[in-house]
Amino acid sequence: MKYQSTRNKNTEVTASEAILRGISEDGGLFVPKEFPRFSVDDIKALSGLPYGKRACYVLGAFLTDFEFDDIQECTEKAYSANFENCEPAPIVRLGEGKYIMELWHGPTCAFKDLALQILPHLLVKSKKNTGDDSSVLILTATSGDTGKAALEGFKNVDKTEIIVFYPEFGVSNIQKLQMKTQQGNNVSVCGVTDNFDCTQSFVKSIFTDEDVRSELGKYGKRFSSANSINLGRLLPQVAYYVSAYCSLVAEGEIECGDEINVTVPTGNFGNILSAYYARKMGIPIKTLVCASNRNNILTDFIETGVYDTNRNFFVTESPSMDILISSNLERLLFDMSGENDSLVSELMESLRSEGKYIVCDDMLRKIRSVFSSGYCGDETGRETIKNLFEEYSYLCDTHTAVAVTVANEYLRKTGDNTKMLIVSTASPYKFPRAVYRAVSGEDEADDFAAAEKLESLTGNRMPEQLSKLREAEVRFNNVVSRDEMRDFVLTRGRGEN
Ligand SMILES: *Cc1c(COP(=O)(O)O)cnc(C)c1O
């Protein structure tokens with residue numbers, strides 16, 4: 001099976017090449033030329049298997065130029081010991097017909113671990129498949145959780161190096177501490193005095209900068225990306241939607257073939273796009289509900305067909321969703337336009353030059369036949385955290401709270417009683433001040449003090465991965481302006497630091 005670029009269908013590559021390149025040279029994103037299909041019987045068969053095996057079959061269906069044994073080796077390395085109880089995507093029932101899929105039992109306590117624990121292994125196999133023996137330099141912009149998850153995934157992996165840029169004033173203290181204390185002999189971490197969108201677009205421009213590329217080439221290195229534009233991030237995420245459906249079948253909550261709805265707290269549109277891909281594979285998902293925080297550009301887009309970044313940017317209590325340019329939306333546009341690469345190129349050019357694009361009514365209708373949307377501000381989110389705790393003794397983080405709020409609103413608005421899977425993307429202890437404030441109504445300025453109070457209030461334990469940060473040694477204190485990012489990369493790439 002081949003992969004094509006959203007901006008030029010003539011660019012055709014294998015899965016391994018797509019994973020190695022990260023982004024197409026024309027600026028487009030790689031998407032499958034066709035989608036594998038799972039029948040009801042296939043899904044039934046998968047329901048009897050543990051997570052790692054389910055992931056193996058999903059990945060195997062997409063990564064057709066990989067040896068099946070290699071994929072199995074990757075899923076075993078990624079999904080066994082590194083997740084609590086060897087269960088990367090457990091499902092919690094929360095009242096009638098509502099389920100929460102918890103994707104934060106990995107090393108960094110956010111859903112990005114599910115993709116980033118396996119991506120480095122997929123990259124190593126991709127190099128083997130293409131006969132490439134260069135070193136890979138991973139360049140990543142993070143709104144908080146990607147960076148740490150990528151650092152954990154890549155640390156000390158042979159022939160790889162990783163540089164992570166994060167917005168100095170746009171991530172939580174715990175997120176920052178997680179990155180600044182990162183261990184490993186092949187990692188660099190650097191704050192940028194700008195917001196995430198700006199940091200990400202500078203990373204993209206360094207990534208495609210021919211001079212930087214050729215300079216790195218002299219040192220036997222090539223760029224690759226761990227951002228959610230990389231196919232190697234998206235495909236492992238498809239696996240947990242397939243797995244969630246299988247788990248609901250295995251636990252007798254649904255009959256195989258029944259439809260479910262899914263609500264996803266969304267930023268870069270990667271997580272929810274993976275759900276859409278699972279739907280395209282034949283997983284019976286009816287509606288995908290796209291949940292945003294106060295940065296509700298996606299809500300507006302799904303309502304009106306106008307994607308307009310000329311608006312205020314807000315720093316919220318769900319910082320990993322503080323995004324105005326949702327890169328993976330490009331893949332949806334490609335799909336919904338009937339794979340119209342020139343239209344996608346035009347829309348993306350309009351986004352670049354005017355910060356805005358508009359899709360035609362026909363395409364909007366198609367998008368709205370699958371996607372619903374909604375958003376919620378910090379205060380409403382805090383009420384949801386409090387209500388969930390009081391009603392179900394269930395503690396959720398601020399991102400999950402956005403999803404729960406929007407899912408509830410969807411149910412109220414539509415009366416649709418299809419069973420609803422809500423995706424929970426981070427541990428509540430990753431954002432302890434906001435969660436403590438939501439539950440208790442009191443402020444606590446220090447993350448760790450808030451976490452302790454939250455523990456005694458709720459009886460819930462802070463994951464050890466987070467509590468041990470308190471004693472961890474800070475290894476990185478770099479902060480640069482956006483104009484200094486390129487030099488930072490070149491210096492590290494030359495091995496000068
Ligand atoms: C990254 C992230 C999101 C947003 O996911 P996208 O794939 O960018 O839409 C939501 N919640 C948390 C906790 C995250 O880390």
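**Note on the pockets, cavities and sheet of a predicted model**

1. The largest pocket is lined by 28 residues, and those nearest its centre are Ser 201, Lys 204, Ile 325, Leu 351 and Arg 352. About 730 Å³ of space lies in this pocket, and the elements that give two or more residues to its lining are α9, α14 and α15 (341–354). On a 1 Å grid over the protein atoms alone, a pocket is an open set of points with protein on both sides within 12 Å along at least five of seven lines, a cavity is a set where a 1.4 Å probe fits but cannot get out, and lining residues have an atom within 4 Å of a point. Grid points are joined across faces, edges and corners, and a volume is the space filled by probe spheres set on the points.

2. This is a predicted model, in which local features need pLDDT of at least 70 and side-chain atom pairs count only at pLDDT 80 or more, while totals for chains, interfaces and linings use all residues. Residues are numbered from 1 along each chain as its sequence is written, and side-chain values use heavy atoms, with hydrogens and water left out.

3. The structure holds 4 cavities of 30 Å³ or more, and about 290 Å³ of space lies in the largest cavity. Of the 27 residues that line the largest cavity, Phe 111, Lys 112, Gly 267, Asn 268 and Ser 320 are the closest to its centre. Two or more lining residues come from each of α7 (145–154), α9 (196–207), α11 (231–250) and α12, and the largest share, 3 residues, is that of α12. Helices (H or I, at least four residues) and strands (E, at least two) are DSSP runs, numbered from the N terminus.

4. Asn 268 lies in the loop between β10 (260–265) and α12 (270–280), and Asn 268 is buried, with a relative accessible area of 13% (buried means under 20%, exposed over 50% and partly exposed in between, with a 1.4 Å probe and protein chains only). A polar atom of the Asn 268 side chain lies 2.8 Å from the backbone nitrogen of Ser 327. Not counting residues up to four places away in sequence, Asn 268 touches several residues, including Phe 196, Gln 200, Ile 325 and Leu 329, where contact means heavy atoms within 4.5 Å.

5. Thr 108 is placed in the loop between β5 (98–102) and α5 (113–116), and Thr 108 counts as buried at 0% relative accessibility. Leaving aside neighbours within four places in sequence, Thr 108 is in contact with Asp 113, Lys 148, Ala 149, Glu 152, Gln 178 and Lys 430.

6. An open sheet is formed by 3 strands in the order β2-β1-β3, with antiparallel pairing (two strands pair if DSSP finds at least two bridges between them). Its edge strands are β2 (8–13) and β3 (30–32), each of which pairs on one side only, and the twist averages 40 degrees from one strand to the next. Strand β1 (residues 3–5) is joined to β3 by 3 bridges, and the bridge partner of Tyr 3 in β3 is Pro 32. Helix α14 (residues 329–336) packs on the sheet and touches β1, β2 and β3, its direction making about 45 degrees with that of β3; axes are lines fitted to C-alpha atoms, for helices over the stretch in contact, and angles run from 0 to 180 degrees between N-to-C directions.

7. Strand β9 (residues 221–225) is mostly covered, with 4 of its 5 residues buried. Strand β6 (residues 135–141) runs parallel to β9 and is joined to β9 by 5 bridges, and Ile 138 has Ser 224 as its bridge partner in β9.

Methods. Polar contact = N/O pair within 3.5 Å; in protein donor to acceptor, adjacent residues only side chain to side chain.
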